[in-house]
Amino acid sequence: MQVYGIDLSKEKFDVNFLDVNGKEKHRTVKNEFSAICGFLREVPMGSILCAEHTGTYGDVLVFLCNQYGVGIALVPGYTVRHSLGLVKGKSDPVDAFRLREYGERFNDKLSFREYQGEHMSELRQLYSLRSQLVKARKELRTGAHARDQLPVQSVAANLILKASLDALDDQVEQVEKEIREIIMNDGDFKENYSLSVSVLGVGPVIAREMIIKTGNFKVIDTARKAASYAGVCPFPNSSGNMVGKSRTSPFADRA
């Protein structure tokens with residue numbers, strides 16, 4: 001089984017692999033549809049890709065790997081750095097080499113990624129858009145409070161501000177409506193949503209957010225993972241006679 005280490009970035013990704021003679025090779029591939037298709041056509045059957053988890057930069061690669069039947073695992077850079085002992089220096093080719101080495105040494109720990117479905121992808125985009133709209137609305141409202149203290153008020157500024165806030169309110173409501181419709185029109189989403197809101201203290205907003213952030217309870221599929229991700233599960237910090245304060249994971253989503 002051949003392992004390809006891939007260091008992702010927005011414009012391109014670096015690939016490190018061994019050829020048929022066991023000689024180390026390195027190449028750079030543009031992070032766009034046609035270039036990735038050309039690269040995947042050259043990947044031998046049965047090979048796996050071990051790529052750094054860098055958010056949306058790897059979405060096209062994961063999607064196309066699923067289409068071509070190539071296994072791909074996304075590994076956090078933090079995990080790679082702390083698994084290979086003392087390492088020095090950093091560059092894209094070096095990171096690709098380390099990812100290949102990680103994939104070869106810890107093959108049994110790799111979790112292969114499937115691209116999110118169309119509905120989940122749309123949900124996440126709408127959720128992200130809603131967060132941006134709410135943030136913009138909050139900033140406008142904060143600025144309005146400061147202007148209220150001015151001795152001279154601009155009628156034009158206040159009218160434009162009110163129109164902007166009204167428009168943002170309508171857009172947030174429209175996004176929330178779209179999110180509700182997607183969830184209620186998808187059988188799996190609807191079932192998990194109904195189960196979530198049946199729990200005391202869990203309302204529609206929290207239920208929708210859990211479905212989106214857990215990948216409909218498929219990416220985060222156990223209570224232990226969910227507690228750790230939510231930042232409500234402190235981990236012990238002790239060694240010998242030293243007993244430190246238990247802390248939650250710094251990677252927890254406390255939103």
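## Salt bridges, surface patches and a loop

Arg141 is partly exposed, with a relative accessible area of 39%. The model that contains this residue is a predicted one. Arg141 pairs with Asp169 in a salt bridge, with 3.4 Å from N to O. Since Arg141 belongs to helix H5 and Asp169 to helix H6, the pair ties together parts that are 28 residues apart in sequence. Asp169 is also partly exposed, at 27% relative accessible area.

### Salt bridges

Side chains of opposite charge can pair when their charged atoms come close. The structure has eleven salt bridges. One of them joins the side chains of Glu176 and Arg130, at 2.9 Å from N to O. Glu176 sits in helix H6 and Arg130 in helix H5, so this pair links parts that are 46 residues apart in sequence. Glu176 counts as buried because its relative accessibility is 19%, and the limit for buried is under 20%. Arg130 is partly exposed, with a relative accessible area of 24%.

Another salt bridge lies within a single helix. Lys213 pairs with Glu209, and their closest N and O atoms are 3.0 Å apart. The two residues are four positions apart in helix H8, so about one helical turn separates them. Glu209 is partly exposed, with 21% relative accessible area.

| Pair | N to O distance |
|---|---|
| Glu176 and Arg130 | 2.9 Å |
| Arg141 and Asp169 | 3.4 Å |
| Lys213 and Glu209 | 3.0 Å |

The patch lies on the surface and is made of Glu118, Glu122, Glu178 and Glu181. Glu178 is found in helix H6 and is partly exposed, with a relative accessible area of 32%.

An unreviewed UniProt entry annotates residues 158–185 as a "coiled-coil region". In the model, this stretch is 96% helix and 0% strand, and the C-alpha atoms at its ends are 40 Å apart.

Ser128 is placed in helix H5. Ser128 is partly exposed, at 36% relative accessible area. The C-alpha atom of Ser128 is separated by 20 Å from that of Lys218, which is 90 residues away along the chain.

Most residues other than glycine have a negative phi. Which value does phi take in Asn216? The angle is near 60 degrees, a positive value in a residue that is not glycine. Asn216 lies in the loop between helix H8 (204–213) and helix H9 (223–230). Phe217 is placed in the loop between H8 and H9 too, and has a positive phi of about 65 degrees although it is not a glycine.

Are these residues buried or exposed? Asn216 is buried, with a relative accessible area of 5%. Phe217 is partly exposed, with a relative accessible area of 30%.

### A nonpolar patch

The surface also carries a nonpolar patch formed by Phe33, Val60 and Phe63. Together these residues have about 260 Å² of accessible area. Phe33 belongs to helix H1, which covers residues 33–42.

Terms used: Residues are numbered from 1 along each chain as its sequence is written. This is a predicted model: local features need pLDDT of at least 70, side-chain atom pairs count only at pLDDT 80 or more; totals for chains, interfaces and linings use all residues. Side-chain values use heavy atoms; hydrogens and water are left out. Buried means under 20% relative accessible area, exposed over 50%, partly exposed in between (1.4 Å probe, protein chains only). Patches are made of residues with over 30% relative accessible area and no salt bridge: like charges are joined within 9 Å, nonpolar side chains (Val, Leu, Ile, Met, Phe, Trp, Tyr) within 5 Å. Accessible areas come from the Shrake-Rupley method with a 1.4 Å probe; for residues, only the protein chains shown count as cover. A salt bridge is a side-chain nitrogen of Lys or Arg within 4 Å of a carboxyl oxygen of Asp or Glu. Lys and Arg count as positive and Asp and Glu as negative; His and the chain ends are not counted. The place of a charge is taken as NZ of Lys, CZ of Arg, CG of Asp or CD of Glu. UniProt positions are given in the numbering used here, feature names are shortened, and annotations may be inferred rather than shown by experiment.
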